[in-house]
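The following paragraphs lead through selected side-chain contacts and surface features. Please keep the sequence and the 3D view at hand.

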Amino acid sequence: MRLPFRLGLRGELLLMLVATMVVVVLLFAALWLHEKRSNQDARELSATALREMSREGLLTRGQTLSSQLAEAATNPLYYLDLAKLGELARAALRQPDVVYVVSDTVAYEALAATGVHAQWSDKLLDVASPIRIGDQRIGGVRVGLSRDGAIRREGEMLVPLGERLQAASNEHLA
């Protein structure tokens with residue numbers, strides 16, 4: 001390539017130095033963008049994994065609580081011991097994240113289910129279990145668990161992760 005004017009040796013060296021610097025800066029920018037995207041992907045994957053773990057933990061807890069409550073409420077419901085049913089419900093309500101406990105003979109989800117049945121909403125997990133005597137269903141237990149605590153714990157765990165990723169990124173730039 002021929003320029004319309006003459007640079008001289010010093011000009012040609014300066015032009016090659018500038019071109020080399022531009023290439024180096026572009027390479028560093030590309031590496032920086034790649035690292036930034038990788039960190040964002042790591043945050044998203046971690047958030048998804050934490051959400052799934054939290055959801056599974058809440059579901060397992062709800063299923064366990066509901067089935068244990070159904071088992072404990074069998075005799076009180078059969079004999080219509082409302083004091084004992086109230087005591088069981090109050091004990092369950094004292095546990096963290098438990099919003100409501102319903103024990104009755106018309107809990108449709110619990111009566112229709114062959115086992116523990118769970119329903120999700122944005123803020124709540126509803127877990128129903130049938131109360132049985134032998135093979136006969138006599139009622140059901142429904143336990144509502146709030147997802148607010150789990151969501152809060154997810155956020156608390158993601159903040160340090162984001163800080164560590166940012167610190168690692170800053171360390172690479174230094």
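A residue is called buried under 20% relative accessible area, exposed over 50% and partly exposed in between, with a 1.4 Å probe and protein chains only. The model is predicted, so local features need pLDDT of at least 70 and side-chain atom pairs pLDDT 80 or more, while totals for chains, interfaces and linings use all residues. Residues are numbered from 1 along each chain as its sequence is written, and side-chain values use heavy atoms, without hydrogens and water.

Val18 is partly exposed because its relative accessibility is 45%. This residue belongs to helix H1, residues 8-72.

Salt bridges require a side-chain nitrogen of Lys or Arg within 4 Å of a carboxyl oxygen of Asp or Glu; the count under this rule is 7. In one of them, Asp97 meets Arg61 at 3.6 Å, N to O. Asp97 lies in the loop between helix H3 (82-93) and strand E1 (98-104) and Arg61 in helix H1, so the contact ties together parts 36 residues apart in sequence. Asp97 also forms a salt bridge with Arg153, at 3.4 Å, N to O. Here the loop between H3 and E1 is linked to helix H5 (residues 148-173), 56 residues apart. Through shared partners, Arg61, Asp97 and Arg153 join into one network. Arg61 is partly exposed because its relative accessibility is 26%.

Elsewhere, the charged end of Arg55 sits over the ring of Trp120, 3.9 Å from its centre; the criterion is NZ of Lys or CZ of Arg within 6 Å of the ring centre and within 35 degrees of the ring normal.

How values were computed. Helix = DSSP H or I, 4+ residues; strand = E, 2+ residues; numbered from the N terminus.
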